[in-house]
Amino acid sequence: MKREPPQSIADYGPLFFPAGMLLIFFVVPFGTMIAVSFFQRQEGGFYTPAFVFSNYERFLTAFFGGVLGFSLMLAVTVAICCVVLALPFTYLLSRLTRRLQVIWLVALLSVLSLSEVIIGFAWSTLLSRTAGLSNLLVKIGLLEQPVALFPSFGAVPTGMVYQALPYTILVLYPAIVRLDPTLMEAARTLGSSPIRAFFNVLVPALRNTIMATLIMVFIFALGSYLLPQILGRPQHWTLSVLITDQAIYQSNMPFAAAMAVFLVLVTLGLVALTLLIGRKGEKA
Amino acid sequence: MSGLVLNNVTKQFGAFTAVDNVHLSVPHGTFVCLLGPSGCGKTTLLRMIAGLEDPTNGTILLDGADITDVPTHKRNLGMVFQSLALFPHLSVGENIAYSLRIRGASREEQKKRVDELLTLIHLSGYGDRPVSKLSGGQRQRVAIARALALSPKIFLLDEPLSALDAKLREAMQVELRQLQQKLGITTIVVTHDQREAMTMADTVVVMNGGHIRQAASPIEIYRKPADTFVADFIGSTNLIETQVDSSGAATIFGHRVQGIVLPAGAQKATISVRPEDVHLTAPGNGAIDGTVTFVRDLGGTIETFVEAGGQQIIAVSTPRERPEVTAGQAVGIALSPDVCVVLKQ
């Protein structure tokens, strides 16, 4: 369908409301945050308007660099784990009968309704020494005695993948359902086993969707600040945890704002880079 | 025997029987069209031959070997789907080379075969184009070439030409038939278009309600339809009730017609007479009496609608043998016995 380009200001009418909402609830707060990140901090939890770079300077240390690197690495790990788990799951889901699909989707939505706090404490129980999964392993004879699986590095992404997986599946689901099922059948008639067809037909055909999903989960995981605290040790804390810490417990708003702005810039940069690589790959 | 044999093949989806106890043997190198209205089970039958559906019952043999439980990717067949199912992320050449790549053929081998096939489908030099830049007819050919890349034993096509416009479809029918004859490959096409089936097939298999109603050459299907369904589905026809009178002779509308032989013991039967076999004469002279109700003059052919015995009978003639009749005129209908096909009940 071809659409006429908007002619007069009135043609832009339908955009005014969403644009206004975006301005009030996103642009203004984000602008305020950028402004605060340049303010001068006063001892005792206050700050005065100024234009100083000290908040950003403080950030440029090996410690914060390390935390930033860890946060990015953790988010990438979670994004990849989620997509690797969700892709075959969603494909198999799309081949079930309509009834079973609805039941699964409702179950996934109910996981979404759990708060991060509940997920965190549930996993800390599951991974604990006294009541956790390791007791089951002892029962079936795989372990000598129960062990605590948290706090540890493994526990953090486990909880985060659990939290992000329903989102991943719900984002992949429409694209996979819309995919022509005869593509996979065609691959099979051409001598490809179902598993090979999955990798050399389904995955490449869904390339753009997979990229978009990776980016979405990555950003989602980057903002996680409760699970690293509940399931990890201090060295597993992400930048989001430090931002919360500075903003709420240290009452250092300018520094927290500076870190948040920096995190947003790094994230946008990475997303842009990914899209750029994706577009290049498409041309080739 | 060499070729494809289906024995007692049945497919049920829940309580619904899509294909009911089908027997069919397709000798090597023949072109078979599965023809029938939608929902008659023809596509399900094709998908079972491809291994995309498992038969509920029965066996499928290829060159004497039972392939019923052989998975699709090991059956050595080529299939063209109604949607064509070209891989959107691959170029024309890569699409055609897909099966060769899966088999681990070398790059040179792949390129050689792709060039060969592109020449065969008259698309030389299109190898590097993205599939999305092709026209409907070109895509169709690419799908055919991709299916033929490994020189499969059976070539299956599911409504392959339905997406093309009428003119292109006719041209592709001829092209597909010529290609099949050149390669001598066993080919099975599903279609609901009887013209398509008549153009291409050695054997037309007419299906309805999951059953095969008749399997024969196109001309035999047309001239000697087995039952009412086939007679009515293929071309247009006049279905006329015939009764046996007290002396044992067949009568139509109370008129004795010499030479029509009903099955032994039958008191009545339906006969099929093609419109072009209905001759109009002057009334009397032993002909069936009728009244012309309408004359449709199409230039190339003339259709005359005649009411006789409370039924409408259509006669088609060419302008050369133009019957000089107008609506309302009384005419005689002459039926020679050899054009009256007695149908199974």
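This is a predicted model: local features need pLDDT of at least 70, side-chain atom pairs count only at pLDDT 80 or more; totals for chains, interfaces and linings use all residues.
Residues are numbered from 1 along each chain as its sequence is written, and chains are lettered from A and ligands numbered from 1 in the order in which they are written.

So, back to H2 of chain B. Is this helix mostly covered or mostly exposed? Mostly covered: of the eleven residues in 92-102, eight are buried. By buried I mean 20 or more other C-beta atoms within 10 Å of the residue's own; 12 or fewer is exposed, in between is partly exposed, and the C-beta atoms are placed from the backbone. Among the buried ones are B:Val92, B:Asn95, B:Tyr98 and B:Leu100. They pack against helix H3 (107-120) and helix H4 (136-148) of chain B. Contact, here and later, means C-beta atoms, placed from the backbone, within 7 Å.

B:Ala85 is not a glycine, yet its phi is positive, about 55 degrees. It counts as buried because 24 other C-beta atoms lie within 10 Å. Compare B:Asn8, another non-glycine residue with positive phi, near 50 degrees. B:Asn8 sits in strand E1 (residues 3-13) of chain B, and it counts as exposed because it has 12 C-beta neighbours inside 10 Å.

Now for where the two chains meet. How many residues does each chain bring to the contact? Chain B gives 19 residues and chain A gives 16. On the chain B side, the elements that contribute two or more residues are E6 and H2, so our opening helix turns up here again. By class, that side of chain B has eleven nonpolar, six polar and two charged residues. For the classes, Ala, Val, Leu, Ile, Met, Phe, Trp, Tyr, Cys and Pro are nonpolar, Asp, Glu, Lys and Arg are charged, and the others, Gly among them, are polar.

Chain A has 13 helices and two strands, and its C-alpha trace spans about 75 × 70 × 35 Å along the principal axes. Of its 284 residues, 29% are buried. The unreviewed UniProt entry annotates residues 68-274 of chain A as "domain: ABC transmembrane type-1"; UniProt positions follow the numbering used here, feature names are shortened, and annotations may be inferred rather than shown by experiment. That span is 76% helix and 0% strand, and its end C-alpha atoms lie 18 Å apart.

Chain B has eight helices and 20 strands. Its C-alpha trace spans about 80 × 45 × 35 Å along the principal axes, and 40% of its 345 residues are buried. Chain B is divided into domain 1 (3-229) and domain 2 (236-342), with bounds from an automatic or database domain assignment. Taken over C-alpha atoms, the centres of these two domains are 40 Å apart.

Next, some strands in chain B. Which strands pair with E16 (residues 288-297)? One is E19 (residues 330-334), antiparallel over four bridges, and another is E17 (residues 302-308), antiparallel over six bridges. Pairing requires at least two DSSP bridges between the strands. On the E19 side, B:Thr291 has B:Ala330 as its bridge partner; on the E17 side, B:Val295 stands opposite B:Thr304. Four residues lie between the strands in the hairpin of E16 and E17, and there B:Gly299 takes a positive phi near 85 degrees.

Last stop, the cores. A nonpolar core is a set of buried Ala, Val, Leu, Ile, Met, Phe, Trp, Tyr and Cys residues joined through C-beta atoms within 7 Å. The largest has 130 residues, and those with the most contacts inside it include A:Val78, A:Ala221, B:Cys33 and B:Leu156. Helix H7 (residues 155-178) of chain A supplies the largest share, ten residues. Each of domain 1 and domain 2 of chain B gives this core at least three residues. Leaving aside residues up to four places away in sequence, A:Val78 touches A:Pro157, A:Met160, A:Val161, A:Ala164, A:Val217 and A:Ala221. There is also a second, separate core of 17 residues, with A:Phe39, A:Val67, A:Trp237 and A:Phe255 among them.

Methods: Two residues are in contact if their C-beta atoms, placed from the backbone, lie within 7 Å.
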